[in-house]
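Thank you all for coming. I would like to walk you through one structure, going from its sheet to its core, its ligand and a few loop residues.

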Amino acid sequence: MNLLDLPVPLWGETLSQYGEVPYRGRQISHWVFKKLVTDLSQMTNLPLSSRALPPGNLSFDLPEVVTSETSVDGTRKIALRLHDGPIIESVLIPRKGRMTLCLSTQAGCGIGCRFCRTAAMGLIRNLGVSEILGQWIEAMRLLVREGWGEREGPPIDHIVFMGMGEPLANLDVLIPAIRTLTHPDGVGLSPRRITVSTSGLVPKIDLLGRANLGVQLAVSLCAPTDELRREIMPVGRVYPIGEILDVCRRYPLRNRERVTFEYVLLSGVNDSREQARLLGRLLAPFRSKVNLIPFNPFPGSPFGRPSDQTVALFAEILAGFHITATVRKSMGPDVLAACGQLAREHQTMVHALEKGDPST
Ligand code: SF4
C-alpha cells in the first residue's frame, strides 16, 4: 500500500496499526509535503528504527520523471512514467506572478473531444491518489532545485485539473487527492486556488458539489447548440447543454464566485458572430464567466486556429451580453504543452495497435 494513496489525516492511524506512535503520521507528512522528502532514511527526526524500513508493506513510491521540457515562454512540461509503464504529463505555467500546476488525472482519456490531442490515446487507465500527488511533488522538486519561492512561500500557488484525462471520470480518486492538497498537514493550498475542469459529466458534477470541497468548477462547453456540441464533443450525446447549465446552477459557490465555461474556438466551426450571440443569450441569465481558448493546433488535427480579430470580436459580442469573457493565452505551444496538446506519441500508437487500428 502506498501511504500517499490515503488521505493525510489517516496517516497517523494507519501507521499506528504497524506499531508506530500516531504522531508519526504528522512527522512524516511534514517531511513529504513541506520538505518534499519521501525517503524514510532521510527523515532525521524519526527514531533510527522507524527510518530503516517502511512499516508493514507501506511505500512512498512516486511516478518517475522521464523528461522536462521548457517552452520559450517559461512553461514546463514534465513527463512522468507510472510504475506499470504509461506516461503522463503535467505542466507548470508561470504567469502574472503566479505559478499554476496543471495536473493529469488519467493516462489518456476516453471522452474523445475532437479538438484534443489526448483523446487520440484513448483511456489507458485512471491514476491513483499517489500518482496525482506525485506530479505535485516532482513539480515542486523541480522548482525548488531552481531556487524558486525560497523567500516567497510555496512556488506553486494554483492547481488546475486540466491535464490528461477527465477528472470527474476518476472522482473517487480526485476527492481524496484534493483533500490532501488542501489539508494543513498536506499541501495546505486554499480550495479556492484549485479548479476542476470537466467535459460536463452531469451526475459527477452533482457529486463533486456535494463533496463540499470548495474548489472552483470549469466546464468545457465549446458550442452554443447541442447539435454542434455533439459533433465536436461526443459526451454531448449523453448530457445536453440544458442539463449542464442546471447542474452548474446547483454547484455550491461562495459570494462572487462563478462557474467558468471554457470555449475552445475552432476556426469556421464555432467562432462565428451568430454563434457568439447564441452563446451570449444562453449564458446571459447565468452566474458565469467564459474562458475563450483559441485552438492550439497539433500534428494531424483537423481544425484551425481563428485569427486574433475573430477571437476579439467573439469576446466583444459576449461582453455585449454582460458576460465576462477572457481569452486564454497559449502557454508552451512550442513544446506541445498548451491546452489540448498533451499526449505521448508512442502510447497513442500502442493503444491504437491494441485496438487493432490498421492505419497505425
Ligand atoms: S479535452 Fe479533456 S475530456 Fe476532452 S478528450 Fe481531452 S482530456 Fe479528455
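Which residue is the bridge partner of phenylalanine 161 in β8? In β8, that partner is valine 196, and the strands involved, β7 (residues 158-161) and β8 (residues 194-198), run parallel and are joined by three bridges. Before I go on, please keep in mind that this is a predicted model, in which local features need pLDDT of at least 70 and side-chain atom pairs count only at pLDDT 80 or more, while totals for chains, interfaces and linings use all residues. Residues are numbered from 1 along each chain as its sequence is written.

Let me turn to the sheet. It is an open one of 10 strands with mixed pairing, in the order β1-β2-β3-β4-β7-β8-β9-β10-β11-β12; strands here are DSSP runs of E with at least two residues, helices are runs of H or I with at least four, both numbered from the N terminus, and two strands pair if DSSP finds at least two bridges between them. Because β1 (64-70) and β12 (324-327) stand at the edges with a single partner strand each, one side of each is left without a neighbour in the sheet.

Next, the core. The largest nonpolar core has 94 residues, and Phe115, Ala177 and Tyr263 are among those with the most contacts inside it; such a core is a set of buried Ala, Val, Leu, Ile, Met, Phe, Trp, Tyr and Cys residues joined through C-beta atoms within 7 Å. Helix α4 (residues 129-145) gives the largest share of this core, eight residues.

As for the ligand, the residues surrounding it include Cys109, Cys113, Met164, Glu166 and Ser199, where a residue is near a molecule if its C-beta atom, placed from the backbone, lies within 6 Å of it.

Finally, some loop residues. Arginine 114 sits in the loop between β5 (106-108) and β6 (123-126), and it is partly exposed, with 17 other C-beta atoms within 10 Å; a residue is buried if 20 or more other C-beta atoms, placed from the backbone, lie within 10 Å of its own, exposed if 12 or fewer, and partly exposed in between. The C-alpha atoms of arginine 114 and proline 234 are separated by 8.2 Å, although these residues are 120 apart along the chain. Asparagine 212, in the loop between α6 (202-210) and β9 (216-220), has a positive phi of about 55° although it is not a glycine, and it counts as exposed, with 9 C-beta neighbours inside 10 Å.
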